[in-house]
Amino acid sequence: MKLYLLLIGAEIPGRVVEQHDYFFGIAESLPALIPDVKAFWPEAGASLHIDGWREVRKVGDYAVRVVGKNDQDYIANRQLFFLNLGGYTSGKLEEQHYTVLAVQENRLKAIQAAKSSLFFKTNSLKGTATAHIDEKYGVDIDSVHHIEDLLSPELKARYRIVFDEGTGLPEDKIHLGYFKLDKIK
């Protein structure tokens with residue numbers, strides 16, 4: 001089984017621009033995730049699509065694996081976190097976003113890792129708008145997501161995400177484009 005991170009989009013009636021969200025799922029393949037993606041955002045209807053995806057195999061210096069719930073062969077005391085950073089650039093009427101995956105011991109360390117990113121350091125307007133972890137006006141521990149908390153109850157009951165030493169692994173490939181759900185095979 002594999003862990004996937006998907007950027008999904010949809011044209012929602014009454015909205016001016018396409019809406020987006022992130023989806024985490026576990027499956028044998030990308031096509032096997034489609035029913036779960038549709039269940040995650042049912043109000044998106046037929047406009048729901050994937051704008052990008054990644055099989056999460058490496059984060060930082062760690063290899064990421066999906067194992068059965070009772071498997072004990074892994075690096076202990078680590079968790080996978082997802083952070084959605086938001087910031088501003090002078091002269092642009094939009095909020096810039098940058099997502100971070102971090103393998104850390106706890107949420108506080110994940111936030112500290114995100115604060116060291118170039119995005120966090122450079123997407124602030126002095127005195128008016130600082131870079132932040134989304135939905136907050138400053139960095140706040142409550143706005144960080146532990147990936148296992150984002151999985152469906154069925155997946156959490158069957159699987160867990162574990163880590164091994166992964167410094168020699170290549171970076172994950174990110175697939176970008178407009179992928180209609182009914183065309184993913």
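A: A residue counts as exposed when its relative accessible area is over 50%, as buried when it is under 20%, and as partly exposed in between. This is a predicted model.

Several elements supply at least two lining residues each, among them β1 (2-10), β3 (49-55), β4 (58-59), β7 (95-104), α2 (107-115) and β11 (174-180). The largest share, 6 residues, comes from β7.

Now turn to β3. Of its 7 residues, 6 are buried, so β3 is largely enclosed by the rest of the structure. β3 pairs with β1 in the antiparallel sense over 6 bridges. There, I8 has I50 of β3 as its bridge partner. β3 also pairs with β11, again antiparallel, over 5 bridges. In that pairing, R54 stands opposite I174 of β11.

R54 has another contact. Its side chain meets that of D172 in a salt bridge, at 2.8 Å from N to O. R54 lies in strand β3 and D172 in the loop between β10 (159-165) and β11, so the pair ties together parts that are 118 residues apart in sequence. R54 is buried, because its relative accessibility is 17%. D172 counts as buried too, at 13%.

The loop between β10 and β11 has a further link. E171 forms a salt bridge with K58, and the closest N and O atoms are 2.9 Å apart. K58 lies in strand β4 and E171 in that loop, so this pair ties together parts 113 residues apart in sequence. Here the two partners fall into separate classes. K58 is buried, with a relative accessible area of 6%. E171 has a relative accessible area of 61%, so it is exposed.

The side chains of E105 and K109 meet in a salt bridge, at 3.4 Å from N to O. E105 is partly exposed, at 36% relative accessibility. K109 is partly exposed as well, with a relative accessible area of 33%. Together with R78, E105 and K109 are linked in a network of salt bridges. A search of the whole structure finds 7 salt bridges.

Methods:
Residues are numbered from 1 along each chain as its sequence is written. This is a predicted model: local features need pLDDT of at least 70, side-chain atom pairs count only at pLDDT 80 or more; totals for chains, interfaces and linings use all residues. Side-chain values use heavy atoms; hydrogens and water are left out. Helices (H or I, at least four residues) and strands (E, at least two) are DSSP runs, numbered from the N terminus. Buried means under 20% relative accessible area, exposed over 50%, partly exposed in between (1.4 Å probe, protein chains only). Two strands pair if DSSP finds at least two bridges between them. A salt bridge is a side-chain nitrogen of Lys or Arg within 4 Å of a carboxyl oxygen of Asp or Glu.
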